[in-house]
Amino acid sequence: MLCWACARRLPYRGLSPSRTSFSRVHVAPSSSGPGGAEPRPVPLSYKLLDGEEALPALVFLHGLFGCKTNFNSVAKALAQQTGRRACLHPEFGCQCCPSHLTRQVLTVDARNHGDSPHSPDMSYEDMSQDLQDLLPQLGLVPCVLIGHSMGGRTAMLLALQRPELVERLIAVDISPVETTSSSTFQTYIAAMKAIEIPDEVSRSCARKLADEQLSLAIQDIAVRQLLLTNLVEAGSRFVWRVNLDALAQHLDKILAFPVCQEAYPGPTLFLLGGNSNFVHPSHYPEIRRLFPRAQIQMVPNAGHWIHANHPQDFMAAIRGFLT
C-alpha cells in the first residue's frame, strides 16, 4: 500500500544566486493545546532567486496539492521582467545602458506540501504564521504576495493580519468566500490513499500504475498530473509527499476563510480564470469589503490553473499590476 512521506527545511548555508532548502523526514509537533494555543510556525522549504533588494520581492504561494516548483518558469521570467534597468556608467549620467537588474523571487512549499514539514495542524492561521516567521527571517518584507487558490487565501489572511509585511497582494482564482463543494477534493484524497504500487518498480512504471488507478475516480488528466507531482521515491517504495491525513482532517478549514473585520489597505489584484467557477460575482462585495483597493481582472478562456495554462497572460497581468 502506498504511504506518504514528510519533510523538513534545512538551515540555509552560504550565498548563491539561488538558495534552496532541502528535505528530510520530520514531523512537526501540533500547536493545539488547552484553551487553543497560538499557531506554531514550521520551517518551510523554499527557493530564493537573488536579485535587487531595493525592489519588493515577489513571493509565490501554491495551491492545494501543489508545491513551490509549480511556479519555476514564471518565477524566473518575472524576476527578469519586473526588475529594472541599471546604468553601467552612472558617473557619466548614462541613461541607455542595457544592464538589467532582476527582482528577488521566493517560492515556498506550504506546510504538509512539497519538502516542508508535515504537521497535524492545517489552517490558514497556521500557514499565515509560517510566513510571518519566514519572510522577516529572509529580509523580504514588505513583499508582493502572489497566491494561487489555497495559497491565495493564505496570502489574503497574511495581508489582513500583518499589512505592514505586504506591499501589494495578488490572489489568483480564489476569493475570501467559502468554496461550496468539498466532495471533489475529498475524492482526490480518497483516490490517492487507495493507490497500491509494488515495491522495486521504476519511476515511470510507478507513475503509470498510479495514473491508471487515479483515473478510475478522476477523469481530468490535468488534475491527475498535478496529483502525480506528489509521487516521490523513498528507498524501494513510492510515497505521497503531501500529508493526506492532515488535508483530509482539515479540508473544511481549507475550503473556508477565517472571519476578518479589518480591511487590507494596500493595492490588490484578484486574477480570475474566465472558465473557472471558483470565484462568483456574488463574492465581489466581500472582496471589496476586505480589500477596498481591489482590482478584479479576468483571463479569457483560462481555467483554475492560470499560471500553468496561460503563463503569458498571467505574467502580463502581474507586470501591469506592478507598474
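**Figure 1. Arg111 and its polar partners.** The backbone oxygen of Asp121 lies 3.0 Å from a polar atom of the Arg111 side chain, in what is a predicted model. A polar contact also joins the side chains of Arg111 and Ser119, at 3.2 Å. To find Arg111 yourself, look in the loop between β7 (105-108) and α2 (124-137). Is Arg111 buried or exposed? Arg111 is buried, because its relative accessible area is 1%, and buried here means under 20%. Setting aside neighbours within four places in sequence, the residues in contact with Arg111 include Arg40, Pro41, Val42 and Leu44, along with Ser116, Pro117, Met122, Asp126, Met127 and Asp130.

**Figure 2. The whole chain, for orientation.** Let us step back for a moment. The chain has 323 residues, and 51% of them are buried. Its secondary structure consists of eleven helices and 13 strands. Of the contacts between residues at least 6 apart in sequence, 74% join residues at least 24 apart.

Figure 3. The largest nonpolar core holds 69 residues, with Phe65 and Leu106 having the most contacts inside it. Helix α3 (residues 150-161) gives the most to this core, seven residues. There is also a second, separate core, made of 24 residues, among them Leu49, Leu78, Ala79 and Phe321. Which residues does Leu106 touch, not counting those up to four places away in sequence? They are Tyr46, Lys47, Leu48, Leu58, Val59, Phe60, Leu134, Leu135, Leu138 and Leu140.

**Figure 4. The largest pocket.** Here you can look into a space of about 870 Å³. The lining consists of 39 residues, and Ser149, Phe185, Phe278, His304 and Trp305 are the closest to the pocket's centre. Several helices take part: α3, α4 (183-194), α6 (221-228), α8 (251-255) and α10 (306-309) each supply at least two lining residues. Sorted by class, the lining of this pocket has 21 polar, 15 nonpolar and three charged residues.

Figure 5. Which residues of α6 are buried? They are Val223, Arg224, Leu226, Leu227 and Leu228. These buried residues pack against α4, α5 (203-214), β10 (231-234) and β11 (237-240).

**Figure 6. The two cavities.** The structure contains two cavities of 30 Å³ or more. Which element gives the most to the lining of the second largest cavity? That element is α1, with three residues.

**Figure 7. Gly266 meets Arg168.** Gly266 sits in the loop between α8 and β12 (268-273). With a relative accessible area of 8%, Gly266 is buried. Although Gly266 and Arg168 are 98 residues apart along the chain, their C-alpha atoms are separated by 5.6 Å.

Conventions: Residues are numbered from 1 along each chain as its sequence is written. This is a predicted model: local features need pLDDT of at least 70, side-chain atom pairs count only at pLDDT 80 or more; totals for chains, interfaces and linings use all residues. Side-chain values use heavy atoms; hydrogens and water are left out. A nonpolar core is a set of buried Ala, Val, Leu, Ile, Met, Phe, Trp, Tyr and Cys residues joined through side-chain atoms within 4.5 Å. Buried means under 20% relative accessible area, exposed over 50%, partly exposed in between (1.4 Å probe, protein chains only). Helices (H or I, at least four residues) and strands (E, at least two) are DSSP runs, numbered from the N terminus. Contact means heavy atoms within 4.5 Å. A polar contact is a pair of N or O atoms within 3.5 Å; within protein, one must be able to donate a hydrogen and the other to accept it, and residues adjacent in sequence count only if both atoms are side-chain atoms. On a 1 Å grid over the protein atoms alone, a cavity is a set of points where a 1.4 Å probe fits but cannot get out, and a pocket is an open set with protein on both sides within 12 Å along at least five of seven lines; lining residues have an atom within 4 Å of a point. Grid points are joined across faces, edges and corners, and a volume is the space filled by probe spheres set on the points. Ala, Val, Leu, Ile, Met, Phe, Trp, Tyr, Cys and Pro count as nonpolar, Asp, Glu, Lys and Arg as charged, and the others, Gly among them, as polar.
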